Amino acid sequence: MLNFKTLLPGISAASLIIAVLGTALFALCYTAIKSDNLTLYVDNYLLHIIWITFLQAILSTFLSIFLAVAMAKALSMINFFGKSFLIRIMPVTFILPTLVVVTGLLFVYGQQGLFATCFAYLGLSFSTSIYGLVGILLAHVFLNFPYASGLFYQTLNSVPVEQKQLAAQLNFSHFTYFKLVEWPLLRRQLLPMSGLIFMLCFTSFAIVLALGGGPKYTTIEVAIYQSIRDFDLMQAVMLAIIQLICCMSFVWVLRKINHYHNLSAQYIRYQYRLPNTVTISLVSAVIVILGAMYILLPMVTLLIEGIGYFHWSQLNWAFQQAVIYSLIIAFGSAMVAILLALLILWTNSRLLISNQQQWSNRLMLVGSLILTIPSMVLASGLFILLFQYADNAVFVCGLMMLCNGLMALPFILKNLEVPMFDVTSRYWQLCQSLNIAGIRHFYLIEYKSLKKLLTLSLVFSALLSMGDFGIIALFGGQAVTTLPYYLYQQIAHYHYQESAVTAAFLLILSFSLLIVMDYDRT
């Protein structure tokens with residue numbers, strides 16, 4: 001039987017999470033009712049917003065998954081110089097700051113971008129606008145398709161060598177081999193990955209705000225932001241409830257899917273491929289080249305433009321302040337996420353050892369509760385409650401650390417849940433016999449065993465927080481300006497040269513952190 005001291009860390013963290021989320025929701029609803037403006041606009045425009053939110057998410061998901069399967073299959077068919085570098089860099093787009101992605105795409109596909117320059121050099125017109133549904137899809141696919149490709153490539157590589165050799169002996173065609181051997185493995189990953197991409201695109205904010213191009217392609221998340229900025233709080237509450245219901249349904253579906261389709265893919269270093277025909281090799285090479293150009297061009301162009309437009313005068317005090325605030329908030333948020341995750345996982349591992357599976361599920365569900373609440377609702381609720389301190393930089397930084405930390409918490413729990421339980425259960429009986437418990441147990445067992453994983457999770461959380469624009473869009477102003485907010489101001493005022501420098505700096509900063517953590521999703 002577990003004592004109260006063992007349950008206290010998990011109860012404390014869960015209570016804090018429920019208190020913060022409940023307070024934010026209550027503050028928003030109470031202020032909306034108190035505002036005497038109880039008008040709700042259930043009109044064609046609202047239905048249009050809901051339709052566009054679903055449409056862009058469905059199209060983004062379909063394109064990302066389709067291109068990911070094609071790219072993964074092509075990568076598995078051929079070998080070439082730089083293949084390991086390409087595979088290693090592909091998942092990076094998944095955690096790049098969204099405004100860096102937007103800036104990079106503008107420099108490639110914009111009216112004054114790389115493609116427009118090439119067309120003008122050839123005497124051709126380039127009339128395609130990146131703003132609207134095209135831009136939203138370009139950005140969403142850029143963020144998600146490389147990550148899915150890397151995962152699918154691992155799956156294709158996990159096919160046992162014996163099965164490949166047997167298929168070659170039976171003279172399988174490439175289509176038959178894909179249908180009978182590879183497709184059953186890929187199929188188990190398609191639904192969970194599609195669900196994850198759909199949910200990320202459904203709640204996308206910065207990309208739709210920057211590339212949506214106006215009310216025609218406004219989504220629910222952006223509409224919540226606009227309603228709050230216009231102080232139309234009843235409308236914001238109604239939109240938040242709609243998004244809340246949708247997100248909770250998605251989380252429920254994802255949990256069901258993941259429950260029945262757990263994978264144990266194994267990376268096999270020994271390579272063996274079926275013999276390729278010239279046509280198949282050529283088609284695979286074309287797919288890989290186009291995919292690599294799509295992934296690398298925005299980043300390379302952004303770095304070149306950023307270096308080309310760089311002037312020392314751009315490193316002014318406002319820029320330096322944005323860098324300092326970004327780093328402080330990013331690592332503060334990471335510390336909040338790690339601390340909450342450790343408190344929850346400490347109790348969770350002991351609940352599992354004591355066969356308290358139901359209480360373990362409930363505790364982990366509280367840790368992931370933030371996924372069901374739009375970040376804009378959380379931020380606006382806390383902001384309304386504490387707006388009298390909005391000019392205080394320390395207060396704003398603390399609030400952003402808390403919000404960003406809660407946003408990163410579900411990802412940290414997912415990374416640490418299984419390793420923490422494995423380590424604790426392995427040494428549980430020994431520690432009990434030696435009377436090792438409490439902080440001493442954590443330091444000697446969990447911390448020493450999971451030190452590297454904890455560091456990776458810390459830097460990963462910092463990266464997620466550094467690129468966040470959803471919360472700073474409300475809090476940003478004179479008191480605190482982060483790099484994403486500073487970049488958005490430059491883009492909004494059409495200062496493209498300055499925005500290239502800021503985006504390139506943010507890109508280099510993100511890559512530096514990735515190198516430090518030696519980030520490897522494979």
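**Close-up 1. Asparagine 355, in the loop between α13 and α14 (357–367).** Helices are DSSP runs of H or I with at least four residues, numbered from the N terminus. The model is predicted, so local features need pLDDT of at least 70 and side-chain atom pairs count only at pLDDT 80 or more, while totals for chains, interfaces and linings use all residues. Residues are numbered from 1 along each chain as its sequence is written, and side-chain values use heavy atoms, with hydrogens and water left out. Asparagine 355 is not a glycine, yet its phi is positive, at about 60 degrees. With 68% relative accessibility, asparagine 355 counts as exposed (buried means under 20% relative accessible area, exposed over 50%, and partly exposed in between, with a 1.4 Å probe and protein chains only).

**Close-up 2. Asparagine 435, in the loop between α17 (428–434) and α18.** Asparagine 435 is a residue other than glycine with a positive phi, near 60 degrees. Its relative accessible area is 64%, so asparagine 435 is exposed.

**Close-up 3. The salt bridge between lysine 73 and glutamate 182.** The N to O distance between the two side chains is 2.6 Å. The pair links distant parts of the chain, with lysine 73 in helix α2 and glutamate 182 in helix α8, 109 residues apart. A salt bridge is a side-chain nitrogen of Lys or Arg within 4 Å of a carboxyl oxygen of Asp or Glu, and the structure holds two of them. Lysine 73 is buried, at 16% relative accessible area, and glutamate 182 is buried too, at 3%.

**Close-up 4. The salt bridge between arginine 350 and glutamate 446.** Here the N to O distance is 3.3 Å. Arginine 350 lies in helix α13 (residues 317–353) and glutamate 446 in helix α18 (residues 438–449); the pair is 96 residues apart and links distant parts of the chain. Arginine 350 has a relative accessible area of 2% and is therefore buried. Glutamate 446, at 1%, counts as buried.

**Close-up 5. Packing of helix α6 (residues 133–157) against helix α8 (residues 174–202).** The two axes are 10 Å apart, at an angle of about 155 degrees. Axes are lines fitted to C-alpha atoms, for helices over the stretch in contact, and angles run from 0 to 180 degrees between N-to-C directions. Helices α6 and α8 are therefore roughly antiparallel (angles under 35 degrees count as roughly parallel, over 145 as roughly antiparallel, 65 to 115 as roughly perpendicular and the rest as oblique). The crossing of α6 and α8 is right-handed, meaning that the near helix is turned clockwise from the far one by less than a right angle.

**Close-up 6. Helix α2 (residues 44–77) crossing α6.** The axes of α2 and α6 come within 7 Å and cross at roughly 40 degrees. Helix α2 is therefore oblique to α6. The crossing of α2 and α6 is right-handed.

**Close-up 7. Helix α15 (residues 375–385), mostly covered.** Nine of the eleven residues in α15 are buried. Among them are Met376, Val377, Leu378 and Ile384.

**Close-up 8. Phenylalanine 505 in helix α22 (residues 496–517).** Phenylalanine 505 is partly exposed, with a relative accessible area of 30%.

Technical notes
Helices (H or I, at least four residues) and strands (E, at least two) are DSSP runs, numbered from the N terminus.
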